Amino acid sequence: MVRESLPQPRTRKMTIIAQDPSVRVKEGRSLRILTARVDVPAEELAPGPSGHRVQVIDYDSSNNTLYKPARLTDGDPYEVVTDAQLLSDPGFHAQNVFAIVMRTLARFEFALGRRVSWGFNGHQIKVAPHAFADANAFYSEQDRALMFGYFQGQENMVFSCLSHDVIAHETTHALVDGLRERYTDPSSPEQAAFHEGFADVVALLSIFSLPAVVETVIDLGTNAPDKNASELIKASALTAARLRRSALFGLADEMGQELSGIRGNPLRRSAELPPSKEYIDSPEYIEPHKRGEIFVAAIMNAFIEVWVNRLQGLGKKARGGLDRRRVVEEGANIADSLLTMAIRALDYAPPVDLQFCDFLSALLTADREIRPDDSRYNFRSILRSSFESYGMPPTSRPHADGDERGIWESPPVGLTYDRTHFESMQRDPDEVFRFIWENRKALDLFEEAYSHVLSVRPCMRVAPDGFVLRETVAEYMQMITLAASELKSLGITAPPEMPPETDVTIYGGGALVFDEYGRLKFHISNRILNADRQTRRLKYLWEFGYFQQGSSAFRRFANLHRLRAMNLPTVMPGEE
Amino acid sequence: MPATKPQSMTLRTYQVGFGDCFLLTFHYAKRDRHVLIDFGSTGQPKTAPADLMLQVANNIKERCGGKLDAVVATHRHKDHISGFTTSKGKGSGDIIASCEPTVVIQPWTEDPDAQPDATQATHVSSGAKAFVSSLHSMHAVSESLLLEIQRLRGGISRTAFNQLAFLGEDNLTNRSAVENLMTMGKHHYYVNAGSKSGLATILPGVKTYVLGPPTVKQSQAITKMRSKDPDEFWHLLGLAGQSLKRGNGQLFPKAETYAAPPAQTRWLIHRMQALRGDQMLELVRALDTVMNNTSVILLFQVGDKKFLFPGDAQLENWAYALSQEKNRKLLADVHLYKVGHHGSLNATPKSLWGLFTNRAPLQSAKRLNCVVSTMAGKHGTPSKGTEVPRSKLVEELKKMSNYFTTQDLKGKNLFKDFTFDLT
């Protein structure tokens, strides 16, 4: 009998460099570059590789050279190769960058339960693994591309396309830009810091979710000199301080130092930042990159804390010590879960003027929706205390008895659904806009402002109980441009030196989360008429010269990274 | 009138195209004393003679009777020092050297003790050395960018190409001029904001204040932002470009490449070339600014007359001097202002311009004099508001001062003299 062929496998293994070529492991007598085999969504790749979401085009603009594309038709051609081959074969570089970009995209799609678009109008992002001879790498929205530079280091050529954290970081910019397009608007130091901080968090957690990496760094701080000597780690070695030293500092030390010209040192800096409520109001931390470090520190500290808690729970049962593999597995799983949580939170975050405290409320709420029972890992309470220890309490205040602290409030009562249709509310921005307009009073919108539904996204997430959590997430924004002299009528105070005729645009907006019956579950908004917030925002932008410079979105990520590498402020208090 | 005070001062402003060259002659009862401030050019008008720089050098020599009292090289950009270049005893720099300046004044960044190859343990702090060494890396960056734009020729716009070529070249080492400045002169002063100028004995009756450049420490004292300096960044970039110098520069010599790009890659290639052009321009502008900010700022005072020569100092250089009340007072009644950086956007900060009390719309004896040495069409673009001289600034200078630009020196006119009565 002739039968249909079995369904094609959904994933494919590809070899990548686990972090970057300077992270090495002992193999026999020599040190080898630490690699990992990761799952990438399977598809029939065209030369490049060129797939349905990612196209690698290996053009080097500094040398005006176009390399012939890699052909990755089948299998994992780089599973067994020498280090020299990894470094010198542009085909491997293409595979490495392709696999990590696709893996990051897949991570976002898994967490959000839907397809996720890039931050530009198009399906395939172009990736140039050897874009130019420069210590820079960035996402360029206008060019619909990720560009990775290379440069001559002290000893070897340094390729940013071989650095996992750099690739994941840039890919995250492209994805967050698609999910929350207004996060690059001039707003507060925190919104500017968020893009960088969040990209760092995704990059670091992606690396820690690889067991090979955790295994390598864990040995550094747990007195396990030779992994073959002992399969057990003493429970006493698994304290927060020890794990921070081995995992965070350990990896930070191993990472290619020359790449800090591109990425800064987010891991080291966050590991060096002990909890304190002082940073958030300190003028030193008003600079966006530096401010982003507080965010990274809060999450990485929570990662260590959850891990230690989990291990200590297990350790009590196993007196002689803990199985090394178990320690590693727990670490990688926790990093992976935290990564999923962080990405999910984006849907529950206000679409304009984001503050870290808003993100914490988003994190707690999104997680509670899909995973009400948090008793095994205590992710939520640990994240809440970690953020609070850095002076970032959740935005949402306690509202009803018995509610978990920090989660968003439920929406106002009395919303009308009568004139909208359930089916189109799940995909049609005009229909959602109608809903918003009908309910503008209840939702506290500013009637006179320009209002716009930015997206309507139905999503399905699998809950730990096996059932599907179905939600529709829509985001809208409002904006209005007024002369500085008119701001007073809205209760907003313009900076005293601002000329009264200056044009000032203020923004507001919200995320609407509908449940599976089409009823509004959450309305997470930053109202345009929040006078305090608008006054603070204008004061900051004025002081940092935004109104003098005019605003240019020109290749903003490229510039952002350049400034980060140069350690310069993103906006200079300029005179001209 | 005591003989120890000059009775007048003549400023000779040379037409050197895009560059600076000023000869200050202080007329004393006994003899004239001559101070040359900068001598360089990166672009000359089409009508200029081929041997312009030699003619200027000879004119300087003639004017000072073969003896210069002092030479000031505000900073090491080509448009300020190329005239000091020597050529087998026959270059314009050889002529200046033959005038045997008694004193040579340069910014602290030129101090041989601060150079990366300095072997002696010195008074120069490690932070300062790191900064100077990053200036050297910037030369390397310029060098590799010039190489790179040749490969990208055709891929980037003509405007971007010209700008890159201009700025890249201005920031090359100028080794011959640098060495000549180092060896000419009896006494060398490497100055910073607040230090002695070295002119006290040479110019009796004239007070010379050094208002810039600030040292690394001085700059840090006024920055609110994180003070870690970007030295490392420039070292990295200086190294980064080294690969371009080897052979054909290709990263993977054994890998197969396309001679002509297939259709599906052309859009991105075109975008990447434009992007790389923009990036390089951004870099070279950034390093150009750093170099400009090493400019010596001198303020000469005779009686109640003050003459201000800030080289190419931009905002960041000025910020230190302007942070001090005593300097703001000093600057208030400036009589002559050599317009900073050929009239660019941010070399005349509003906080400086606003101090000048002699600004006035109408002619008067006290009215501020402004002199700019410049050449339009070499630097920046009007559409981006970066053109030099900046039209907005020129308008303001014309409106509020007696304004002179070297662009008005046409034909065979090599210079223009302005005499200021100091009695």
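Okay, let's start with two helices in chain A, α2 and α10. This is a predicted model, by the way. Helix α2 of chain A covers residues 90–112, helix α10 of chain A covers residues 324–345, and the two pack with their axes 9 Å apart, at an angle of about 70 degrees. Anything from 65 to 115 degrees counts as roughly perpendicular, and α2(A) and α10(A) are therefore roughly perpendicular to each other.

So who does the touching? On the α2(A) side we've got A:R107, A:F108, A:A111 and A:L112, and on the α10(A) side A:L339, A:T340, A:I343 and A:R344. Sort the residues of that contact by type and you get five nonpolar, one polar and two charged.

While we're on helices of chain A, have a look at α6, residues 240–254.

Let's zoom out to the whole of chain A. There are 16 helices and 18 strands in there. Its C-alpha atoms fill a box of roughly 75 × 65 × 60 Å along the principal axes. For 576 residues, a compact globule would have a radius of gyration near 25 Å, and chain A comes in at 24 Å, which agrees. Of those 576 residues, 53% count as buried. And if you take the chain A contacts with a separation of 6 or more, 70% are between residues 24 or more positions apart.

Now chain B. Here we have 13 helices and 13 strands. The radius of gyration of chain B is 22 Å, close to the 22 Å that the globule rule gives for 423 residues, so chain B is as compact as a globular protein of that length. The box for its C-alpha atoms is roughly 80 × 50 × 50 Å, again along the principal axes. Buried residues make up 50% of chain B. Among its contacts between residues at least 6 apart in sequence, 75% join residues at least 24 apart.

Last stop: where the chains meet.

Terms used
Residues numbered from 1 in each chain as written. Chains lettered and ligands numbered in written order. Predicted model: local features only at pLDDT ≥ 70, side-chain atom pairs only at ≥ 80, totals over all residues. Axes fitted to C-alpha atoms, helices over the stretch in contact; angles between N-to-C directions. Helix = DSSP H or I, 4+ residues; strand = E, 2+ residues; numbered from the N terminus. Parallel < 35°, antiparallel > 145°, perpendicular 65-115°, else oblique. Contact = placed C-beta atoms within 7 Å. Nonpolar A, V, L, I, M, F, W, Y, C, P; charged D, E, K, R; others polar. Rg over C-alpha atoms; globule rule 2.2 N^0.38 Å. Buried ≥ 20, exposed ≤ 12 C-beta atoms within 10 Å, placed from the backbone. Expected span 1.5 Å × (residues − 1).
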